[in-house]
Every structure is written in structure tokens, then in C-alpha cells.
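Trainee: I would like to learn how to read a helix and its surroundings. Could we go through a case together, step by step?

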Amino acid sequence: MKKWWVIGLAVMFALGSFTASYAADNPLKAKEKEVWQGFRDLIPADRILDVNAFHKLYTDVMAGKEKAYLIDVRTHPEFYAGHIPGTDHIHAGHVYTIPKYVDDPDAKIVVWCRTRHRATYVTGMLIKYGYKNVYIFDEGVVGWMKAGYPLCNQFMGKFQVVEYHKDFSGQDKDPFNFREFHPY
């Protein structure tokens with residue numbers, strides 16, 4: 001019995017090592033980075049907004065001083081958990097629907113996600129579609145929260161995130177006994 005236990009552990013170790021080395025040498029991961037960079041290169045430097053530039057534009061749009069489509073491209077659960085008040089939402093996987101909603105190629109469009117990865121793809125796609133006035137809010141919702149600006153959702157109204165944790169675990173982990181359908 002002990003022999004089978006040792007053999008089982010050896011097989012698990014070998015499979016784990018193979019999987020880890022395969023992931024590190026995966027040529028598709030490098031190709032994805034190359035494709036992402038190609039989309040990133042389509043975005044002119046003056047169309048990349050930091051949190052301060054985005055907040056100024058956002059304030060002007062909300063006050064009616066400027067017209068722009070402000071589009072959050074995160075997933076539906078991310079958006080419903082908390083989003084920038086008054087902004088639009090189209091899941092990044094549905095970028096192809098934007099021309100249905102925005103038919104003016106000169107319309108000012110600002111795109112963001114949690115950080116910048118998905119927004120770069122969507123911004124690049126919109127540029128490829130022929131939109132001429134597309135911007136990316138490069139710091140995304142994380143940058144917005146870290147700057148102290150409010151989010152909102154249907155349950156809590158407006159709220160401010162006082163501390164952002166990418167990994168909500170370890171010492172600061174939310175203690176619980178039971179949570180049905182929650183991943184943490």
C-alpha cells in the first residue's frame with residue numbers, strides 16, 4: 001500500500017512539473033501579448049487618459065458641458081458589483097454591438113475596464129471599425145477607486161472603496177462559515 005502511495009505522489013509531481021513547464025513555455029501566451037501590443041500601438045498617446053484627465057472629462061460630461069460615450073467594458077458581475085455612476089456598460093465580448101448604439105464615427109468614446117487589458121482590445125477594435133475619437137481610461141476602475149472617487153450599484157447607491165485589495169485573502173480575509181455561490 002505504501003508503495004502505491006509513493007508512486008501516486010511521484011506521478012502527481014511529474015504531472016505538476018509538466019503542466020508548470022508547459023504553461024511557462026506556452027507560445028500562445030507570448031502571441032497574446034504580441035496581439036495585445038498591436039492593439040495598444042493603435043491608440044495614440046494623447047488618447048490615453050490617466051485618472052485625473054478622465055475625472056475632468058467625466059465631470060464635464062455629467063454636467064452636460066461635453067458629450068462623450070463613457071463605456072465600461074468589464075463583465076456584467078463586475079459592473080453590477082460597482083461601477084462609475086452615470087456611465088454605460090457593454091461587455092468587452094460584445095464590442096461588435098457598439099456600432100449599433102454609436103453610429104457617428106466622430107463621436108467621442110472613452111473605454112475602460114478594471115485595469116487596462118480588455119479596454120485596450122476594445123479601444124483598438126473601435127479604432128479598426130473606423131471611430132476617430134476613441135480614448136482609453138488607462139487606470140480603469142482600480143485607478144478610480146484608488147483616487148477616492150465613488151462607485152455605485154443598485155443595492156448600495158453610491159459608495160467609496162476605502163481600501164482596495166487585489167487578493168482579498170491572508171490576514172485581511174473576510175471570515176465566514178458559510179457562503180453559498182461565492183468564490184471567496
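**Reading a helix and a neighbour**

Mentor: Let us begin with Met-125, which is found in helix α6; helices (H or I, at least four residues) are DSSP runs, as are strands (E, at least two), numbered from the N terminus. This is a predicted model, in which local features need pLDDT of at least 70 and side-chain atom pairs count only at pLDDT 80 or more, while totals for chains, interfaces and linings use all residues. Residues are numbered from 1 along each chain as its sequence is written, and side-chain values use heavy atoms, with hydrogens and water left out.

Trainee: Which residues is Met-125 in contact with, leaving aside its neighbours within four places in sequence?

Mentor: Contact means heavy atoms within 4.5 Å, and on that basis Met-125 touches Phe-39 and Val-95.

Trainee: Which residues of α2 are buried?

Mentor: Buried means under 20% relative accessible area, exposed over 50%, and partly exposed in between (1.4 Å probe, protein chains only). In α2 the buried residues are Trp-36, Phe-39 and Arg-40. Seen down the axis of α2, they fall within an arc of 100 degrees (taken from the directions from the helix axis to the C-beta atoms), so they line one face of the helix.

Trainee: What do the buried residues of α2 pack against?

Mentor: They pack against β1 (48-49), α6 (117-129) and β5 (133-137), whereas the face turned away from the buried side carries the exposed residues Pro-27 and Asp-41.
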